[in-house]
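Hi,

Here is the model I promised to pass on. Have a look at it first, and then read my notes below.

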Amino acid sequence: NVLSSYGQYAALKYVAFPLQVLFKSAKLIPVMLMGTFLSGTTYSTTEYLEALVIAFGVAVFSLSKSSKHAESAHSEADQMYGIFLLVMYVTCDAFTNQWQSKIKKDYRGGVDSYQMMFAVNTFSILFTMSYLLTSGEWWLASDFMAHNPTACSHILVNAVTSATGQLFIFYTVLKFGPVVLTIIMNTRQMMSMIVSCILFDHPLSMGSYLGTAIVFGMIGLRSYRSYSKHVTKQST
């Protein structure tokens with residue numbers, strides 16, 4: 001979980017936010033692989049094809065040349081390192097989710113979602129604090145926040161909204177099911193990327209738009225198929 005968070009935020013120094021959003025959308029492949037490896041979960045051929053199409057869309061987006069402005073912002077080596085961080089992020093995040101699911105199954109009735117959230121965040125704090133203290137970065141971070149008090153409020157807002165979002169995620173799953181949550185999360189990702197491109201003027205090429213259309217088109221199709229299957233099951 002710590003490595004996942006580090007890869008997610010550190011990657012933004014080297015790649016644009018829209019690419020990070022697309023990588024989040026392409027987590028299907030590592031999630032499926034981790035599910036098979038850790039829990040022996042099997043997936044249909046259709047699900048594997050959907051995951052491959054989404055990965056193809058991400059590849060199209062990543063390999064597309066945005067513009068001269070975008071190329072000058074980061075060197076090719078920096079962009080490759082950013083992509084490496086994103087791969088680490090989705091891999092570690094997929095492992096975390098599947099491992100949490102495995103714990104719930106192994107200790108059925110003994111561990112609920114809120115206890116899991118509390119335990120994960122507690123150990124994340126301990127590991128992060130240990131690293132900051134041993135590496136000496138704690139004092140650098142403290143000095144930065146002392147000279148930039150606005151950053152403290154931004155960090156606080158991010159922490160509160162992130163924790164609140166997790167609570168709503170658990171509530172949505174319990175109340176409406178994972179299908180509705182998937183549709184909500186996909187819509188949020190699309191809106192996040194659109195807002196980011198508008199507010200921060202992220203340059204996108206035609207190839208980038210094509211990759212985006214492939215990813216979100218397949219996600220929409222997958223969500224619709226899952227929703228139709230869910231409705232059919234409910235009616236029967």
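First, a term: by nonpolar core I mean a set of buried Ala, Val, Leu, Ile, Met, Phe, Trp, Tyr and Cys residues joined through side-chain atoms within 4.5 Å. Buried is under 20% relative accessible area, exposed is over 50%, and partly exposed is in between (1.4 Å probe, protein chains only).

Some housekeeping. This is a predicted model, so local features need pLDDT of at least 70 and side-chain atom pairs count only at pLDDT 80 or more, while totals for chains, interfaces and linings use all residues. Residues are numbered from 1 along each chain as its sequence is written, and side-chain values use heavy atoms, with hydrogens and water left out.

On to the fold. The chain has 11 helices and 0 strands; these are DSSP runs numbered from the N terminus, with helices being H or I of at least four residues and strands E of at least two. Of its 236 residues, 30% are buried. Taking contacts (heavy atoms within 4.5 Å) between residues at least 6 apart in sequence, 79% join residues at least 24 apart.

The largest nonpolar core holds 22 residues, and those with the most contacts inside it are Leu19, Leu22, Phe23, Leu85, Leu86 and Val215. At least two of its residues come from each of α2 (17–25), α4 (45–63), α6 (76–106) and α11 (206–235), with α6 giving the most at 7 residues.

Helix α11 is worth a look too. Its 30 residues reach 43 Å from first C-alpha to last, close to the 44 Å expected at 1.5 Å a residue (the expected span is 1.5 Å times one less than the number of residues). Buried residues of α11 include Gly211, Ile214, Val215, Met218 and Ile219.

Then there is Phe127, in helix α7 (residues 113–135). Why does Phe127 count as exposed? Because its relative accessibility is 54%. Phe127 and Val2 sit 125 residues apart in sequence, but their C-alphas are 7.5 Å apart in space.

Finally, confidence. pLDDT is the predictor's confidence in each residue, from 0 to 100; the chain averages 76, and 81% of the residues score at least 70. Over residues 66–72 pLDDT stays under 50, and the model has 9 contacts beyond four places in sequence for them. Where pLDDT is low, the predicted coordinates should not be read in detail.

Cheers
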